[in-house]
Amino acid sequence: MEKFTKVTGVAAPLMRQNVDTDLIIRIERLVSNTGRQGLGPYCFEQIRFRPDGSENPDCVFNQPSFRDAPIILSAENFGCGSSREGAVWALAGMGVKAVIAPSFGDIFYNNCFQNGLLPVALPLAEVEQLADEMRASPGNARVTVDLENCQVVSPTGRVIPFTIDARRQQALLAGLDDIAQTLAQKPAIETWQAADCSARPWVWL
């Protein structure tokens with residue numbers, strides 16, 4: 001998994017509540033043989049594209065100032081709905097590194113940490129102010145999400161702290177998902193296994 005330390009870039013204001021995983025990636029895209037690496041072009045396709053396949057100019061992700069934004073700003077309950085991990089894969093495929101919202105769907109939130117995407121929970125008023133600052137200087141405004149120091153720096157220089165579980169913070173900084181964290185303990189596991197095999201050989205038959 002790619003390490004996450006800090007990202008600075010455009011933050012696209014998708015300020016809507018209850019952005020569910022079906023809006024992020026439609027279920028049929030997960031069974032269309034695109035693979036997890038091929039989901040990016042279909043991320044948010046329901047709002048990014050018109051029925052004829054052309055871009056919807058009203059969608060924030062198609063506006064020149066916010067195209068290819070590595071950060072998304074949103075309202076409450078981002079990533080709610082089904083438990084599809086493909087929602088995180090699609091966001092990553094679209095180039096998103098962090099999502100800032102007041103709250104997240106529980107399973108989506110957990111899936112983010114397994115795929116190197118940082119979900120940052122901030123009060124709605126702070127997220128709305130970030131969105132206002134982005135809209136005030138389109139094309140020039142930048143947001144920094146600093147995982148090492150657990151802070152967001154707004155386009156106007158405001159420093160906004162956020163909290164995150166220390167174990168998850170360290171795992172993202174090191175680029176370790178749950179499997180990699182377990183494998184990091186391999187010597188200790190093998191030592192215990194050898195001792196237990198000697199003490200209780202009948203268990204290992």
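Two strands pair if DSSP finds at least two bridges between them. Strands (E, at least two residues) and helices (H or I, at least four residues) are themselves DSSP runs, numbered from the N terminus. The structure described here is a predicted model, in which local features need pLDDT of at least 70, side-chain atom pairs count only at pLDDT 80 or more, and totals for chains, interfaces and linings use all residues. Residues are numbered from 1 along each chain as its sequence is written, and side-chain values use heavy atoms, with hydrogens and water left out.

**The sheet**

Ala-98 stands opposite Leu-118 in β5. Strand β4 (residues 98-101) pairs with β5 in the parallel sense over four bridges. The open sheet is formed by four strands in the order β2-β3-β4-β5, with parallel pairing. Because β2 (11-14) and β5 (118-121) stand at the edges with a single partner strand each, one side of each is left without a neighbour in the sheet. From one strand to the next, the twist averages 20 degrees; axes are lines fitted to C-alpha atoms, for helices over the stretch in contact, and angles run from 0 to 180 degrees between N-to-C directions. Helix α5 (residues 124-136) packs on the sheet and touches β2, β3 and β4, its direction making about 120 degrees with that of β3. Contact means heavy atoms within 4.5 Å.

**Aromatic pairs**

Rings of Phe, Tyr and Trp (its six-membered ring) pair if their centres lie within 6.5 Å; planes under 30 degrees apart count as stacked, over 60 as edge-to-face and the rest as tilted.

| Pair | Centre distance | Plane angle | Class |
|---|---|---|---|
| Phe-44 and Phe-61 | 5.0 Å | 25 degrees | stacked |
| Phe-78 and Phe-108 | 5.5 Å | 65 degrees | edge-to-face |

The second pair links distant parts of the chain, 30 residues apart: Phe-78 lies in the loop between β3 and α3 (86-93), and Phe-108 in helix α4 (residues 106-113). Phe-78 is buried (under 20% relative accessible area, with exposed over 50% and partly exposed in between; 1.4 Å probe, protein chains only), at a value of 0%. Phe-108 also counts as buried, at 3%. Phe-78, Phe-104, Phe-108, Tyr-109 and Phe-113 form one aromatic cluster.

**Arg-84**

Arg-84 is placed in the loop between β3 and α3 and is buried, with a relative accessible area of 16%. Its side chain is joined to that of Asp-22 by a polar contact of 3.2 Å. A polar contact is a pair of N or O atoms within 3.5 Å; within protein, one must be able to donate a hydrogen and the other to accept it, and residues adjacent in sequence count only if both atoms are side-chain atoms.
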